[in-house]
Amino acid sequence: MRVLLLVACAITPWLYASALASLSQSLCNEEYSSCAKIEQTQDQKRVKKHALTLGVSILSGDGVLFEKDTTLNITKKIHAKDGNIMGIFGGVYRVAPRHILRYDLHTGFSSIGFHSAQEPGLFELNGAKIGAGLGYEWGFYLGDRFSWSLAISAEYTTYYYKQDKILLLLQETMPKVGIGFEGREHHYFEVFFGMPVYANLKVKNNNSSFIVSNYPRHLRLGFLYAYRF
């Protein structure tokens, strides 16, 4: 009997210690698994999120063009200023927390005015524009509620103006660089500037003169707001 009691006394602490170690390991594993699942869910939400976007953009620019008068066979240097307001529909895909790809279609209204030293008030036209764009955002600061990013994008746009007997058609490809701010993963603001690398502009007026420009000498500055669903 005494031998049994001694054996029981010796085994009981060992069993108790083993049970505590097993319970501690089980709790540790469960806690780690829960934390890992939560982190994985958060990462998936941020990294793999695909969202549609609706927005508006305001854009203005100033540049230099060349007017070629086919009647007199002369070319004059003129200045052009334009302003645009556009609606934007597109989407974004979060490849990783810091890397976002985006695409969009945009359409809206535009106005453009031409003037030169000889003719301060040449003429002004109002019209429409439509185009498409692709972009990339790199998030250099990621916060819990907001983030900052560097945006690089490019767009192809067609402008169409017609007023009385004046017709203008402009096609251009323009890269853009901007700084973006995103709040709560829905509201996105961006300030950007761009310069066309390809521009084909033709204007026909009453005197049968044409303005043709293949020079990327038009700088634009704009503001963009988009809501990401």
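Which side chains meet in a salt bridge at 2.7 Å, N to O? Select Glu182 and Arg94: their side chains form that bridge. The model on screen is a predicted one.

**Stop 1: Glu182 and Arg94**

Glu182 has a relative accessible area of 7%, which makes it buried. Arg94, at 6%, is buried as well.

**Stop 2**

**Stop 3: Arg102 and Glu137**

Next, select Arg102 and Glu137. They form a salt bridge whose closest N and O atoms are 2.9 Å apart. Arg102 belongs to strand 3 (residues 99-115) and Glu137 to strand 4 (residues 123-142), so to speak distant parts of the chain, 35 residues apart. Are these two residues buried or exposed? Arg102 counts as buried at 10% relative accessibility, and Glu137 counts as buried at 2%.

**Stop 4: the network**

Show the side chains of Arg94, Arg102, Glu137, Glu182, Glu190 and Arg228 together. These residues are linked in a network of salt bridges. In the model as a whole, the count of salt bridges comes to 8.

**Stop 5: around Arg228**

Centre the view on Arg228, in strand 10. Its relative accessible area is 2%, and Arg228 is therefore buried. What does the side chain of Arg228 make polar contacts with? Another, at 3.1 Å, is with the side chain of Glu182. Now select Tyr188: Arg228 lies over the face of this ring, at 4.1 Å from the ring centre. Leaving aside neighbours within four places in sequence, the residues in contact with Arg228 include Ala51, Leu52, Thr53, Val92, Ile100, Glu185 and His186.

**Stop 6: strand 10 and strand 7**

Show the whole of strand 10. Its covered face carries His218, Arg220, Gly222, Leu224, Ala226 and Arg228. The uncovered face carries Leu219, Leu221, Phe223, Tyr225 and Tyr227. Strand 7 and strand 10 run antiparallel and are joined by 8 bridges. To see one partner in strand 10, select Val191, whose bridge partner there is Phe223.

**Stop 7: aromatic rings**

Select Tyr141, Phe146, Trp148, Phe181, Phe189, Phe223 and Tyr225. They form one aromatic cluster. For the whole model, the count of aromatic pairs is 9. A pair of aromatic rings is described by the distance of the centres and the angle of the planes.

Begin with Trp138 and Phe140. Their ring centres are 6.0 Å apart and their planes stand at 45°, so the pair is tilted. Trp138 is partly exposed, with a relative accessible area of 37%, and Phe140 counts as partly exposed at 39%.

Then take Tyr141 and Phe146 from the cluster. With centres 5.8 Å apart and planes at 40°, this pair is tilted. Tyr141 is partly exposed at 40% relative accessibility. Phe146 is partly exposed too, with a relative accessible area of 35%.

One further ring to visit is that of Phe192. Lys176 lies over its face, at 4.4 Å from the ring centre.

**Stop 8: Met86**

Finish in strand 2, at Met86. At 5% relative accessibility, Met86 counts as buried. Which residue has its C-alpha atom 5.3 Å from that of Met86? Select Thr107, which is 21 residues away along the chain. Apart from neighbours within four places in sequence, Met86 is in contact with Gly55, Val56, Ser57, His106, Thr107, Gly108 and Lys129.

Methods: Residues are numbered from 1 along each chain as its sequence is written. This is a predicted model: local features need pLDDT of at least 70, side-chain atom pairs count only at pLDDT 80 or more; totals for chains, interfaces and linings use all residues. Side-chain values use heavy atoms; hydrogens and water are left out. A salt bridge is a side-chain nitrogen of Lys or Arg within 4 Å of a carboxyl oxygen of Asp or Glu. Buried means under 20% relative accessible area, exposed over 50%, partly exposed in between (1.4 Å probe, protein chains only). Helices (H or I, at least four residues) and strands (E, at least two) are DSSP runs, numbered from the N terminus. Rings of Phe, Tyr and Trp (its six-membered ring) pair if their centres lie within 6.5 Å; planes under 30 degrees apart count as stacked, over 60 as edge-to-face and the rest as tilted. A charge sits over a ring if NZ of Lys or CZ of Arg is within 6 Å of the ring centre and within 35 degrees of the ring normal. Two strands pair if DSSP finds at least two bridges between them. A polar contact is a pair of N or O atoms within 3.5 Å; within protein, one must be able to donate a hydrogen and the other to accept it, and residues adjacent in sequence count only if both atoms are side-chain atoms. Contact means heavy atoms within 4.5 Å.
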